[in-house]
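Let's walk through this model together, one question at a time. Keep the viewer open as you read.

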Amino acid sequence: MAGKVAAVLMATAITAGAVSFSGTPAAAEDGPLSLKTDNLSVGWDESGAVNSVVLQGKESFTDSLCGFFVTDCAKEQDYSFQAPVNGSGEKSQSGNLETAGLKMKVTYKKQGKAIRVDGEVQDTTGTDRLVQVEYLLPVSAEGMYWYNDTEDRTKVKDNASYNMVTENYLPGHKMSMYPYGAVSNGAQAIAMGVPMDPPQAFLISYENGNGKQGMSVKFDFALTDKTPKNPSKASFSFVIYAPTLPEWGFRSATQDYYDLFPEYFEVKSPGGGNWLFQHAYEELDGVEDFSFKYNETPGSYTFDQEQ
């Protein structure tokens, strides 16, 4: 039976609101179909669908569409990717989405207090493609608040999507302002984050509509065979973690992100001070009062050296 199940791979076109996964929640422990960190455990059934999400020791799984979805942007067609999860320690999923002309491979492993997900999507049609890859972890919206930042939060409501985006991106597309996002109800919290290298175009959100309920991360890709190092394929990475102090919401998610990626926040400058940009340094009265350490104003280099 296990062999037959392992051969199953689903690549199904989705009509919004028409498909949902129904599973039986069960607390996940370390095992063939689960991964567990300090405050988070995720379990899968034999088909590869998530059937358990435990946050801070309490089951938070919800009946929702879940896992990976791929959108062919030109055709405006969505596909679900689901394959059996394999591995006794590090987990993996792989297979072909034949109806989409794509193939995917994904690994799940522990990284500190998080579960790290690394994946790759590849075109099999030989044509240039614009695709969006989404992963959704089904987490109950009960009592949850979405955090735009440390001060601003919004109660999660039905039929809504929550994210914090930057305006400096392509028109019609959204990209997250921060490399992580979180929801919390004070007792439980869940966060997703994206490593800051290599660069990735991504959107982290909480989805609560169109058959989806949970934390989501989306990646935008252009697939072409004109890239010699990675012809017709693109990679992505993200982490899933349960903030250590759920009552602190975004602040706890921020601290945990620092802990997961300390190399990004290492202080490499020999000293601190203010940063001057686009202003003539020599025209400031009492410039010594401002403790300037860095000056990026064009034409001021010679003046700086004379001081």
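Q: How much space lies in the second largest pocket?
A: A quick reminder before the number: this is a predicted model. The space in the second largest pocket comes to about 270 Å³.

Q: Which residues lie nearest the centre of the second largest pocket?
A: The lining of this pocket is made of 17 residues. By class, eleven of them are nonpolar, three are polar and three are charged. Those nearest the centre are Cys-73, Gln-132, Tyr-169, His-173 and Asp-220.

Q: Which strand gives the largest share of the lining of the second largest pocket?
A: At least two lining residues come from each of strand S11 (129-138), strand S17 (202-209) and strand S18 (212-223). The largest share is five residues, and the strand that supplies it is S18.

Q: Which strands stand at the edges of the open sheet of four strands?
A: Follow the order S2-S3-S4-S5, where the pairing is antiparallel. A strand with a single partner has one side left without a neighbour in the sheet, so the edges are strand S2 (34-36) and strand S5 (58-59).

Q: What is the bridge partner of Val-42 in S4?
A: Strand S3 (residues 40-44) and strand S4 (residues 50-55) run antiparallel and are joined by five bridges. Within S4, the partner of Val-42 is Val-53.

Q: Is Ser-60 buried or exposed?
A: Look for Ser-60 in the loop between S5 and S6. Beyond its neighbours within four places in sequence, Ser-60 is in contact with Val-53, Val-54, Leu-55, Pro-138, Val-139, Ser-140 and Gln-188. Its relative accessible area is 3%, and buried means under 20%, so Ser-60 is buried.

Q: Which residue in the turn between S6 and S7 has a positive phi?
A: Strand S6 (residues 67-72) pairs with strand S7 (residues 77-82) over five bridges in the antiparallel sense, and Thr-71 stands opposite Asp-78. The two strands form a hairpin with four residues between them. The positive phi, about 55°, belongs to Glu-76.

Q: How far does helix H2 reach from its first C-alpha to its last?
A: Helix H2 (residues 249-260) has twelve residues. At 1.5 Å a residue, 16 Å is expected. The model comes close to that, with a reach of 17 Å.

Q: Which strands do the buried residues of H2 pack against?
A: Buried positions in H2 include Phe-250, Tyr-257 and Leu-260. The strands that the buried residues of H2 pack against are S9, S10, S12, S15, S16 and S19.

Notes
Residues are numbered from 1 along each chain as its sequence is written. This is a predicted model: local features need pLDDT of at least 70, side-chain atom pairs count only at pLDDT 80 or more; totals for chains, interfaces and linings use all residues. Side-chain values use heavy atoms; hydrogens and water are left out. The expected span of a helix is 1.5 Å times one less than its number of residues. Buried means under 20% relative accessible area, exposed over 50%, partly exposed in between (1.4 Å probe, protein chains only). Contact means heavy atoms within 4.5 Å. Two strands pair if DSSP finds at least two bridges between them. On a 1 Å grid over the protein atoms alone, a cavity is a set of points where a 1.4 Å probe fits but cannot get out, and a pocket is an open set with protein on both sides within 12 Å along at least five of seven lines; lining residues have an atom within 4 Å of a point. Grid points are joined across faces, edges and corners, and a volume is the space filled by probe spheres set on the points. Ala, Val, Leu, Ile, Met, Phe, Trp, Tyr, Cys and Pro count as nonpolar, Asp, Glu, Lys and Arg as charged, and the others, Gly among them, as polar.
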